[in-house]
Amino acid sequence: KFYNLNPIPVFNEQVNIAIVYGKLVEILQGLPLDHELVFVNDGSWDNSSTILGELVTKDKNVKICFWSV
């Protein structure tokens, strides 16, 4: 079984990314489903891209889409 979350929008959320990621993983690990977390970076100019890149390297279930403005 596979469960895919709706895209998670990110715009200058460097402070919140780790918190949201941690909460989602905590919830999803308790479910008997495979999952994917899809973050959509909406043209952030803070450190959001770097933080998302770090998540991708440590968790194969994290995907990033970059939306440039």
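**Entry 1: Asn12 and its loop**

I began with Asn12, which sits in the loop between β2 (8-10) and α1 (17-29). I looked up the backbone of Asn12 and found phi near 55 degrees, a positive value in a residue other than glycine. Asn12 counts as partly exposed because its relative accessibility is 23%. My cut-offs are under 20% relative accessible area for buried, over 50% for exposed, and partly exposed in between, with a 1.4 Å probe and protein chains only.

A note to myself on provenance: this is a predicted model, where local features need pLDDT of at least 70 and side-chain atom pairs count only at pLDDT 80 or more, while totals for chains, interfaces and linings use all residues. Residues are numbered from 1 along each chain as its sequence is written, and side-chain values use heavy atoms, with hydrogens and water left out.

**Entry 2: the whole chain**

How many helices and strands does the protein chain have? I count two helices and four strands, and along the sequence they run β-β-α-β-α-β. The C-alpha trace spans about 35 × 20 × 20 Å along its principal axes.

Next I checked burial and contacts. Of the 69 residues, 29% count as buried. Among contacts between residues at least 6 apart in sequence, 76% join residues at least 24 apart; contact here means heavy atoms within 4.5 Å. The chain exposes about 4,700 Å², and carbon and sulfur atoms supply 59% of that area. The areas come from the Shrake-Rupley method with a 1.4 Å probe, and for residues only the protein chains shown count as cover.

I took α1 first. This helix has 13 residues and reaches 18 Å from its first C-alpha to its last, close to the 18 Å expected at 1.5 Å a residue. The expected span is 1.5 Å times one less than the number of residues.

Which residues of α1 are buried? They are Ile17, Tyr21, Val25 and Leu28. Seen down the axis of α1, the buried residues fall within an arc of 70 degrees, so they line one face of the helix. The arc is that of the directions from the helix axis to the C-beta atoms. A handy reminder: an α-helix has 3.6 residues a turn, so residues three or four places apart point the same way. On the other side of α1, I found Ile19, Lys23, Glu26 and Ile27 exposed.

In α2, the buried residues are Ser48, Ile51, Leu52 and Leu55. They cover an arc of only 100 degrees around the axis, which puts them on the same side of α2. I then asked what they pack against, and the partners are β2, α1, β3 and β4.

**Entry 3: an aromatic pair**

I searched for ring pairs among Phe, Tyr and Trp (its six-membered ring), with centres within 6.5 Å; planes under 30 degrees apart are stacked, over 60 edge-to-face, and the rest tilted. The search gave one aromatic pair. The rings of Phe11 and Trp45 have centres 5.0 Å apart and planes at 90 degrees, so the pair is edge-to-face. Phe11 is in the loop between β2 and α1, Trp45 is in the loop between β3 (34-41) and α2 (48-58), and the two are 34 residues apart. Phe11 counts as partly exposed at 38% relative accessibility, whereas Trp45, at 68%, counts as exposed.

Leaving aside neighbours within four places in sequence, the contacts of Phe39 include Ile8, Val10, Tyr21, Leu52, Leu55 and Lys63.

Lys63 belongs to strand β4 (residues 62-66) and is partly exposed at 35% relative accessibility. The C-alpha atoms of Lys63 and Phe39 are separated by 6.2 Å, though the residues are 24 apart along the chain.

Glu36 and Val62 lie 5.9 Å apart, C-alpha to C-alpha, and 26 residues apart in sequence.
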